[in-house]
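Trainee: I'd like to go through this protein and ask where the words come from. Can we start from the top?

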Amino acid sequence: MSPKDTLKSALRFTLLLFLGLTTFSSVGCVMSQGGSVAAPEAQIPVENAEPTNAERYRVEMSGGFSAGEIYEGEIDGSLFVQDALERSGACDRYKAMDITVYRVVKESGKGLKLPVKYESDGKSVMQNQNYALHPNDRIVVTNRSKNVIDKFIDSLNPLD
């Protein structure tokens, strides 16, 4: 994630937090003692799941006010990120998405993070980032909202 995207995400989070706190305080909503609010990243663990013998992949979808969903599929021949998104229903569920593929390299055992750019106009992954899936790959999909606040933040940074 570039510094520009990090700043943009931090500004978006701050504005949404301020808006949410203002709304909750004006309505008088009180959280219970055990309630907590977690950041979207806290809902999706970054560590790779335990590897299995089957050649499978996982698509983890979250965002918005709906509950997260996990789709597990089997790699049957050549399978690419775009194919996995279509099979999981992510293309129909979200208009705009942030996508990252997490892969563990067998030889080194180290994690590899592959960002994927999604073009919402064409409902497709950019061809140069439409990676072939390997066994135990995790595709993390988060909804990228285009509400008024997001449009305002985007207008502050037209180079995006």
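Mentor: The protein has 5 helices and 7 strands. Bear in mind that this is a predicted model, where local features need pLDDT of at least 70, side-chain atom pairs count only at pLDDT 80 or more, and totals for chains, interfaces and linings use all residues. Residues are numbered from 1 along each chain as its sequence is written, and side-chain values use heavy atoms, with hydrogens and water left out.

Trainee: What makes a stretch a helix or a strand?

Mentor: Both are DSSP runs, numbered from the N terminus: a helix is H or I with at least four residues, a strand is E with at least two. Strand S6, for example, covers 124–125.

Trainee: Why is aspartate 137 called buried?

Mentor: Buried means under 20% relative accessible area, with exposed over 50% and partly exposed in between (1.4 Å probe, protein chains only). Aspartate 137 has 1% relative accessibility, so it counts as buried. This residue is found in the loop between S6 and S7. Across the protein, buried residues make up 27% of the 160 residues.

Trainee: Which residues is aspartate 137 in contact with, and what does contact mean?

Mentor: Contact means heavy atoms within 4.5 Å. Leaving aside neighbours within four places in sequence, the partners of aspartate 137 include Arg56, Tyr57 and Val101. Arginine 56 is 81 residues away in sequence, yet the C-alpha atoms are 7.6 Å apart in space.

Trainee: What makes a set of residues a nonpolar core?

Mentor: The members are buried Ala, Val, Leu, Ile, Met, Phe, Trp, Tyr and Cys residues joined through side-chain atoms within 4.5 Å. The largest one here has 21 residues, and Leu85, Met97 and Val141 are among those with the most contacts inside it. Strand S1 (56–62) and helix H3 (81–88) are among the elements that each supply at least two residues of this core.

Trainee: How do you know that S1 and S7 pair?

Mentor: Two strands pair if DSSP finds at least two bridges between them. S1 and S7 are joined by 5 bridges and run parallel, so they pair. Methionine 61 stands opposite valine 141 in S7.

Trainee: What is the order of strands in the open sheet, and why do S2 and S4 stand at the edges?

Mentor: The order of the 5 strands is S2-S1-S7-S3-S4, with mixed pairing. S2 (69–74) and S4 each have a single partner strand, so one side of each is left without a neighbour in the sheet.
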